[in-house]
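Have a look at it, and then we'll go through it piece by piece.

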Amino acid sequence: MAARYQFVDRWSVAAPLADVYEVVGNTVGYLGWWGDVFVSVEGDDGPPRPGRHATIVSRGFLPYRLRWQAQIVEANAPRGFSFTMTGDFVGDGSWAFAEGDDGTVSATFDFRPRVEKAGVKQLTPVLRPVFRRNHSWAMKRGERGLRKLLESR
């Protein structure tokens, strides 16, 4: 069984669509609001644009770090953007944003990595549920941090 995953996470945020897009789209800003999930993020600042690149070190509650690169391949402000990944994660992902009738923004993260990190890759057949919980832990921290940041604006 390959170390492939598909995660679809949905956040609901009470903030203007453009603000949610701006914050989530600026990958180098993740250190400021996503908590300790992102150990380091270096690369191009600003909104998503094709070719924008980031080098990322991330973690979950499990005791390992993932080193990967993300490159924006498509941007449709403020509705969403998509990216490809190389390194410990290989694959693609996207963020899609939509305004709700109640003034909230629905943010949907569709993340499709193949894990190449030694150890994690080999243990996927046995520990897939634990790795899924690890992802969920990280995403909950992100949603909480995004809400807190946007509430303070």
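Q: Is R147 buried, partly exposed or exposed?
A: Keep in mind that this is a predicted model, so the value here is computed from predicted atoms. Buried needs a relative accessible area under 20%, and exposed needs one over 50%. R147 has 35% relative accessibility, so R147 counts as partly exposed.

Q: Which residue forms a salt bridge with R147?
A: In general, side chains of opposite charge can pair when their charged atoms come close. For R147, the closest N and O atoms of the pair are 2.9 Å apart, and the cut-off for a salt bridge is 4 Å. The partner is E143.

Q: Where do E143 and R147 lie?
A: These two are four residues apart, which is about one turn of the helix. Both lie in helix α2.

Q: Is E143 buried or exposed?
A: The cut-off to keep in mind for buried is under 20% relative accessible area. E143 comes in at 17% relative accessibility, so E143 counts as buried.

Q: Which residues do salt bridges that share partners join into one network?
A: The structure holds seven salt bridges. Some of them share partners, and these join three residues into one network: D36, R59 and R141.

Q: How far apart are the closest N and O atoms of D110 and R112?
A: D110 is buried, with a relative accessible area of 18%, while R112 is partly exposed at 38%. The two form a salt bridge, and their closest N and O atoms are 3.1 Å apart.

Q: Which residue forms a salt bridge with R114?
A: R114 counts as partly exposed, at 26% relative accessibility. The closest N and O atoms of the pair are 2.5 Å apart, and the partner is E116.

Q: What is the volume of the largest cavity?
A: Let's start with the count, which comes to one cavity of 30 Å³ or more. The largest cavity has a volume of about 500 Å³.

Q: Which residues are the closest to the centre of the largest cavity?
A: There are 33 residues lining the largest cavity. By class, that lining has 25 nonpolar, six polar and two charged residues. The ones closest to the centre are S58, W68, F89, F111 and H135.

Q: Which residues form a nonpolar patch on the surface?
A: One member, L127, lies in helix α2, residues 120-151. L127 counts as partly exposed, at 30% relative accessibility. Together the patch has about 260 Å² of accessible area, and its members are L123, V126 and L127.

Q: How far apart in space are D92 and V73, C-alpha to C-alpha?
A: D92 sits in strand β6 and is partly exposed, with a relative accessible area of 37%. In sequence, D92 and V73 are 19 residues apart. In space, C-alpha to C-alpha, the two are 9.5 Å apart.

Note on methods: Residues numbered from 1 in each chain as written. Predicted model: local features only at pLDDT ≥ 70, side-chain atom pairs only at ≥ 80, totals over all residues. Heavy atoms only, no water. Patch = residues over 30% accessible without salt bridge, like charges linked within 9 Å, V, L, I, M, F, W, Y side chains within 5 Å. Areas by Shrake-Rupley, 256 points an atom, 1.4 Å probe, with all protein chains shown as cover. Salt bridge = Lys/Arg side-chain N within 4 Å of Asp/Glu carboxyl O. Buried < 20%, exposed > 50% of the residue type's maximum accessible area, 1.4 Å probe, protein only. 1 Å grid on protein atoms, 1.4 Å probe; cavity = no way out; pocket = protein on both sides within 12 Å on 5 of 7 lines; lining within 4 Å. Points joined across faces, edges and corners; volume = space filled by probe spheres on them. Nonpolar A, V, L, I, M, F, W, Y, C, P; charged D, E, K, R; others polar.
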